[in-house]
Amino acid sequence: MSRRKVAILGSTGSVGTQALNVLRRHCDAFQIVGLACGSNADRLVAQAVEFDVPLIALGDPNARPTAPLPDGIRLVTGPEGLCDIAAGSAEVVLVATIGEAGLLPTAAAIREGKAVGLASKELLVMTGSLLTEMATRHGSLILPIDSEHSAIWQCLQGEGHRRIARLLLTASGGPFLDTPLEELARAGRREALNHPNWDMGPKVTVDSATLMNKGLEVIEAHWLFGVSYDQIDVAVHQQSVVHSMVEFTDGAVKAQLGRPSMDLPIAYALAYPERLVDPELGGGPLDLADLNQLTFRPPDTERFPLLDLAYRAGRRGGSEPAVLCGADLAAVELFLAGRIGFLDIARVVGEALATTGHTKEISLDEAQAWHQAGFEAAMNVGAALAS
Ligand code: MG
């Protein structure tokens, strides 16, 4: 059997390194043909040496490895480098870049009809209508790597779209689920990065603390599964064992359960429609007797207003979700730098949305411009707050 050719964009990040951990155990089934990251050049070269990868790309045009490149590895730099890898010989392109850096490479992979494993939720949020329409046209499959969407995707195997009544996205609630408002106002970087269940990068960890992550996932689910926003609900489920659920038209509800671990969604997308034989995946077998109890409750949208803001941006569509992503990226940066408080994140994003304008239809390039406009608007609002 020939090995499936895989490329990873964002291979030095959290999802990228977890993907490599899976691939390290399954070299017989997969061959890595390209790796890319932003600027972590030496780490990227080390990965390429370990996995015998012929082509690597650095998104940052000024980044260079400190040592000469080993024989047999070719390096391309700049945003075009990522597109080269995305459109190259890979059958599956895993996109795990941060922010909108993966947008053009994702479009390049879709145009080549490749399967795209999408871990960068912002891309579908910003340009869901364009990417899904393009994927249909070019016969490309967009495979979710977000744990919630992977769960829904697994629940939908063997089911038709018309049977879906409702998607139920679960949310852990993050570290501040029951923190009183007065304390939330004082919460800093350290508290926000202390996620109870998931080990993720800093941006998405802060986004889970504000529930913005769930808001982005609602928009992501809308595009991945073609359901209306009225058919997507969020349930706070602190144990992060039920990764999400689908309610069908006859009232049946299916769920996918597991430990909070990203390697299973990654492996499922890489191997789809097969499943890997690997007892280490998902942090080992789930001991149901150990679970004790599973709890669910509605989200508190007054304390975490970004969830509703995301629903609203999704419903308005057009440029608004791109502005939302840009504004949130800026607000989280300001928060992580200690310049604004935790509750200011939602204020900054809300004001940036209110002041940035809106258009109904956008192209890929325009999506990036709207993202940038949202980012700058939020930086301005944030600077005014911080001064
Ligand atoms: Mg998720």
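Rings of Phe, Tyr and Trp (its six-membered ring) are taken to pair if their centres lie within 6.5 Å; planes under 30 degrees apart count as stacked, over 60 as edge-to-face and the rest as tilted. With that rule, Trp-153, Tyr-268 and Tyr-272 form one aromatic cluster. The model is a predicted one, in which local features need pLDDT of at least 70 and side-chain atom pairs count only at pLDDT 80 or more, while totals for chains, interfaces and linings use all residues. Residues are numbered from 1 along each chain as its sequence is written, and side-chain values use heavy atoms, with hydrogens and water left out.

A search of the whole structure finds 5 aromatic pairs. One of them, between Trp-153 and Tyr-272, is tilted, with 4.5 Å from centre to centre and 40° between the planes. Trp-153 lies in helix α6 (residues 147-155) and Tyr-272 in the loop between α11 (263-271) and α12 (288-291), so this pair ties together parts that are 119 residues apart in sequence. Helices (H or I, at least four residues) and strands (E, at least two) are DSSP runs, numbered from the N terminus. Trp-153 counts as buried at 9% relative accessibility, where buried means under 20% relative accessible area, exposed over 50% and partly exposed in between (1.4 Å probe, protein chains only). Phe-335 and Phe-342 form an edge-to-face pair, 5.8 Å centre to centre with 70° between the planes. Phe-335 is buried, with a relative accessible area of 2%, and Phe-342 is also buried, at 3%.

The metal site comes next. Which protein residues are donors of the magnesium ion? They are Asp-146 (OD), Glu-148 (OE) and Glu-217 (OE), lying 2.1 to 2.3 Å from the ion. Donors here are N, O and S atoms within 2.8 Å of the metal (3.2 Å for Na, K and Ca); water is not among the atoms, so sites may look incomplete. The spacing of the donor residues in sequence is D-x1-E-x68-E. Asp-146 is buried, with a relative accessible area of 9%, and Glu-148 counts as buried at 8%.

Arg-166 is partly exposed, with a relative accessible area of 25%, and Asp-233 is partly exposed at 28%.

Another salt bridge connects Glu-320 with Arg-312, the closest N and O atoms being 3.7 Å apart. Glu-320 is buried, at 3% relative accessible area, whereas Arg-312 is partly exposed, at 49%. Arg-347 forms a salt bridge with Asp-344, where the closest N and O atoms are 3.4 Å apart. Both Arg-347 and Asp-344 lie in helix α15 (residues 342-355), 3 residues apart, which is about one turn of the helix. Arg-347 counts as partly exposed at 46% relative accessibility, and Asp-344 is buried, at 18%. Salt bridges that share partners join Lys-121, Asp-146, Glu-148, Lys-214 and Glu-217 into one network.

At the level of domains, the assignment for the protein chain gives domain 1 (4-145) and domain 2 (317-387); such bounds come from an automatic or database domain assignment. The domain centres, taken over C-alpha atoms, are separated by 27 Å. The contact between them takes 12 residues from domain 1 and 10 residues from domain 2, contact meaning heavy atoms within 4.5 Å. About 960 Å² is buried between domain 1 and domain 2, and carbon and sulfur atoms give 77% of this area. Glu-100, Met-126 and Leu-130 supply 48% of the area that domain 1 buries against domain 2, more than any other three residues. Buried area is the accessible area (1.4 Å probe) that two parts lose on being put together, summed over both. How many salt bridges are there between domain 1 and domain 2? The count is 0.

Finally, Pro-299 lies in the loop between α12 and α13 (306-316). Pro-299 touches Leu-211, Val-234, Val-236 and Leu-307, not counting residues up to four places away in sequence.

Conventions. A salt bridge is a side-chain nitrogen of Lys or Arg within 4 Å of a carboxyl oxygen of Asp or Glu.
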